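Open the model in your viewer and keep the selection tool ready. Each stop below tells you what to pick and what to look for there.

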Amino acid sequence: MTRHFDDTDADPDVDPLRAPPEERSVPELLRFGVVNVDKPAGPSSHQLSAWVRDAINESLATLDPDGPPIDGVAHAGTLDPKVTGCLPTLTGDATRAAQVFLEGSKEYVSVLELHGSPPADFRDVVAEFEAEIYQKPPRKSAVTRRLRTRTIYDLDVLEVDDRQALLRIRCESGTYVRKLCHDIGLATGVGAHMGHLRRTATDPFDDTDLHPLQDLVDGLAWAEESDDALLREVVRPAEDALVHLPSVTIAPSAARNVATGAPVYAPGVIDADSVSEGEEGDEADDADRDPPLVACHTPDGAAVCLGRLVGDPDAESGVVVSLERVLV
């Protein structure tokens, strides 16, 4: 299994650890933050990300002209240009943590456009798809077109009006809702396709605190005038993107070792959340399953790394967390 590490050319005389999330300056926040963007219909996810990057760098040139610009941003899964909604976007060094969005679930609200009148057992037919299903990515997708499984955790019919049905779908990351709608249409016997689609949540974010791009632009402008209240509401510490992962608290000395590429050893562990491995299954399945992804923090809440829990946090020795991404 290949693991990815981040090279660091940090000055050995400079402490690599960040200040606690609530004590960071605006430039520090912009270089390690997350924005829960409300994507509008029209631009691609890539274009929206470029706008976020450019807006931040333009302000950093004013707020901290001696500091570096951010290299880029990373969003939580591509949305087609016509699709709207929740697009959490990591900024600067926080892009190293982009894989966290693959570990959680996503939620959508979609209009199902039926090609005929819905059958009398329509809701029962839809309910059958609340399960592990087979999907092959569509031809225009950016991934290999091979049959795979995805889990639909919840699938609710919110409303039916003539040949339209409003669905709420909570599903595993990587599920193609367009393909799901097509398959539901086949199962009903009348055919269907996906109409409007809006993403309402992607763990750990949802649509209760979305911000349009204009909020970010306004917040940056006000911050340049020494009023950072709006900006701090829009741009949150990147640690907020990790709250759905189990947390391992490590000593500052251990965190400084992680910054040079060392794993987390048992003596450096202060505390750890309990990690559920799920129900016991076939031994072969267990062997193929990756250890749980965890986020390591210093006692003051600053993120240090993402890694896999490979040892007992209560042990006296040995590796507890193997590194996936160094965040300091």
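Two rings of Phe, Tyr or Trp pair if their centres lie within 6.5 Å. By this rule the count comes to one aromatic pair. Keep in mind that this is a predicted model.

**Stop 1: the ring pair**

Select F101 and F205. Their ring centres are 6.5 Å apart. Are the two planes stacked, edge-to-face or tilted? They stand at 50 degrees, so the pair is tilted. A stacked pair would need under 30 degrees, and an edge-to-face pair over 60. Now trace the chain between the two rings. F101 lies in the loop between β3 (84-92) and β4 (105-114), while F205 belongs to strand β9 (residues 205-206).

**Stop 2: the strands around β8**

Select β8, residues 192-202. Start with β3, which runs parallel to β8 and is joined to it by two bridges. Find G85, which stands opposite R199 in β8. Next, show β4. It pairs with β8 in the antiparallel sense, over eight bridges. Then move on to β9. β8 and β9 form a hairpin with two residues between them. Their pairing is antiparallel, over two bridges. A201 stands opposite D206 in β9.

**Stop 3: R18 and its contacts**

Select R18. Its charged end sits over the ring of F32, 3.6 Å from the ring centre. R18 also forms a salt bridge with D93, and the closest N and O atoms are 3.4 Å apart. R18 is in the segment before α1 (26-31), and D93 is in the loop between β3 and β4, 75 residues apart. R18 counts as buried, at 18% relative accessibility. D93 is partly exposed, at 34%. R18, D93 and R96 are linked in a network of salt bridges.

**Stop 4: two further salt bridges**

How many salt bridges does the structure hold? There are 15. Among them is R170 with D154, whose closest N and O atoms are 2.8 Å apart. R170 is in strand β7 (residues 164-172) and D154 is in strand β6 (residues 148-161). R170 is partly exposed, at 29% relative accessibility. D154 is partly exposed, with a relative accessible area of 29%. Now select R232 and D228. They form a salt bridge, with the closest N and O atoms 3.0 Å apart. R232 is partly exposed at 32%, and D228 is partly exposed at 27%.

**Stop 5: the six-stranded sheet**

Show the open sheet with the strand order β12-β16-β15-β14-β11-β13. Its pairing is mixed. Which strands stand at the edges? They are β12 (264-265) and β13 (269-272). Each has a single partner strand, so one side of each is left without a neighbour in the sheet. Inside this sheet, select β11 (residues 247-250) and β14 (residues 293-297). They run parallel and are joined by three bridges. S247 has A295 in β14 as its bridge partner.

**Stop 6: a surface patch**

Finish with Y265, V310 and V319. Together they form a nonpolar patch on the surface, with about 250 Å² of accessible area. V319 is found in strand β16 (residues 319-326). At 33% relative accessibility, V319 counts as partly exposed.

Key: Residues numbered from 1 in each chain as written. Predicted model: local features only at pLDDT ≥ 70, side-chain atom pairs only at ≥ 80, totals over all residues. Heavy atoms only, no water. Patch = residues over 30% accessible without salt bridge, like charges linked within 9 Å, V, L, I, M, F, W, Y side chains within 5 Å. Areas by Shrake-Rupley, 256 points an atom, 1.4 Å probe, with all protein chains shown as cover. Salt bridge = Lys/Arg side-chain N within 4 Å of Asp/Glu carboxyl O. Helix = DSSP H or I, 4+ residues; strand = E, 2+ residues; numbered from the N terminus. Buried < 20%, exposed > 50% of the residue type's maximum accessible area, 1.4 Å probe, protein only. Pairing = 2+ DSSP bridges. Phe/Tyr/Trp six-rings, centres within 6.5 Å; stacked < 30°, edge-to-face > 60°. Lys NZ or Arg CZ within 6 Å of the ring centre and 35° of its normal.
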